[in-house]
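Please have the sequence and the model open while reading.

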Amino acid sequence: MSAGATWLGRQAAVWQQPWAARRSQRGWRQQWVAPVLVSLPVLGLMAAWPAGWRLLAGLLALVWLAWDGWLLVDGLHQQSRPALARLVPGQATALRLQLLLHAALLTAAAVAVLLLTLGPVRPWLWFVLPMVVLLAWLPREPWLWLLPALGGFSLPWWRWAAEVASAAPGLKLLAVLLAMALIAAAIGQGGRLHRWQAARNERWRRAAAAQRDGLGSPPVATGPLLVALSRVFDWPRRLWRRRLLARGATAPLPARLDLGLGFGGQWAELAWTALLLFGGLGLTLAIVLPSRSSAEWQEMADFSRFGLCVGAFSLITSALHGRLGRAWARRREQALLVLLPGLPAGDFARLEQRWRREYLLSWLPATALMLAVGAAGSPASLDYTAACAALCLPLPWLAQHQLRRLHGQPSLAPLALAPVLAAVLAWPVQLLGVPWWASLAAGALVYAGLARRHDAVALSLPAGRRPDRPDTMAAAPRQDYR
């Protein structure tokens, strides 16, 4: 066999390894739930809205490109271990070559999709290339997700850099070479920084596994920096708990149940986090852009509405899918909690009502903020943000439906992806010319209809217990709570 064929065989083995490793993992098919959930309604809209098939097809292609890119990049990083990088000759070089090749294909495909869908209205290469560089680094440095979350496409420097790079021919080659160098540097060579990052990510993985099993995070997984950072965000939750404990038995029963279940105070923490994130972003824009004209502000609002809607409604929805995971993980504590005197005998309707009320109290300011962003943009932006808010309004009923029917580790994809799906579906709603008040009225009617619907399955604790099936109750403690 020639040297070229041998080299190609090695590269093909490296390329196939991420998929082979994922197929060997338990529950690997669940990773495809996310793109499938987004694809099905988009395909339905393509059939119902023939005029916008190209736009929706491009959106669907971008979803699958992003998911495929993440799976392959994450798989290559799983092979990038410090010990292998030091002991296996050429291993790091092969991974870097594969990562560069995949990044080039992903960039070319994304730019082609955007050109075919929207046309050359913007320098798409200089918008896609930074996202591909960020994707290459995310498995190694997860904190980088804060960059698009805090700023994203709405920051003026992003557009300024894209315009400069596209207008100056001499900078184009330099920008591409810099991006290639950053992508290649994402694969470590077993140095000190690579070993430290690998050890830290392994500690985080063990901490996440412990939390899924209902255990506390190991002390070794939380360093002093992470503890200090968490205290900046979670102090409202700790303050709520102290005040509730000070009231003792005089506190409302649903609030005391929230404390025992580990759910209490999360909405106060979310409100503070939202104030930090969106307040800081608004203050930055007010300082950086004091001399912008109304037309430039309108263009910026139109350009950033998708990311802001996803960020705002994902923030308030995180409490819903976070509750599902915690409810399943802490079944042993719940089995003891329900034995305490004074708790309702299988009727937790007041507790669920409290959860729905907390969601509404967070949905209202989030919707007001997004409507303000829409009002600052074009008239169509207001219709878009209202449609997105209306689609997110019934989500507590979906969370309640899932919580009442837990029989195993919950799938968080439906709730976690709901804001993204809402932001996608709001686009054709805007193009159809549905006014903002009609979208909000429709969302309120759907919420009211779900409130009048009778669900035959009631919430029972511990999570997953089915009192309506006596034949399974005897086996439940043995298989669920041991």
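This is a predicted model: local features need pLDDT of at least 70, side-chain atom pairs count only at pLDDT 80 or more; totals for chains, interfaces and linings use all residues.

## Cysteines

A disulfide would need two cysteine sulfur atoms within 2.5 Å. For Cys 388, the closest cysteine sulfur belongs to Cys 309 and lies 4.2 Å away, which is too far for a bond. Cys 392 is in no disulfide either, its nearest cysteine sulfur being that of Cys 388 at 4.7 Å.

Cys 388 has a relative accessible area of 0% and is buried. Cys 392 also counts as buried, at 0% relative accessibility.

## Helix H17

Both Cys 388 and Cys 392 are among the buried residues of H17. This helix runs over residues 379-392, and its 14 residues should span 20 Å at 1.5 Å a residue. The C-alpha atoms at its ends are 21 Å apart, which agrees.

Of the 14 residues of H17, 10 are buried, so the helix is largely enclosed by the rest of the structure.

## Salt bridges

There are five salt bridges in the structure. One of them joins the side chains of Glu 352 and Arg 404, with an N to O distance of 2.7 Å. Glu 352 sits in helix H16 (residues 349-376) and Arg 404 in helix H18 (residues 395-404), so this pair links distant parts of the chain, 52 residues apart. Glu 352 and Arg 404 are both buried.

Asp 455 and Arg 405 also meet in a salt bridge, at 2.7 Å from N to O. Asp 455 is in the loop between helix H20 (436-452) and helix H21 (470-473), while Arg 405 is in the loop between H18 and helix H19 (413-431); the pair therefore ties together parts 50 residues apart in sequence. Asp 455 is buried at 13% relative accessibility, whereas Arg 405, at 25%, is partly exposed. A network of salt bridges links Glu 352, Arg 404, Arg 405 and Asp 455.

## A pair within helix H16

Arg 354 and Glu 358 form a salt bridge whose closest N and O atoms are 3.4 Å apart. The two are separated by about one helical turn, because they are four residues apart in H16. Arg 354 is buried, with a relative accessible area of 14%, and Glu 358 is buried at 17%.

## Surface patch

Leu 173, Val 176, Leu 177 and Met 180 make up a nonpolar surface patch, together giving about 350 Å² of accessible area. Met 180 belongs to helix H9 (residues 169-185) and is partly exposed at 39% relative accessibility.

Notes:
Residues are numbered from 1 along each chain as its sequence is written. Side-chain values use heavy atoms; hydrogens and water are left out. The expected span of a helix is 1.5 Å times one less than its number of residues. Buried means under 20% relative accessible area, exposed over 50%, partly exposed in between (1.4 Å probe, protein chains only). Patches are made of residues with over 30% relative accessible area and no salt bridge: like charges are joined within 9 Å, nonpolar side chains (Val, Leu, Ile, Met, Phe, Trp, Tyr) within 5 Å. Accessible areas come from the Shrake-Rupley method with a 1.4 Å probe; for residues, only the protein chains shown count as cover. A salt bridge is a side-chain nitrogen of Lys or Arg within 4 Å of a carboxyl oxygen of Asp or Glu.
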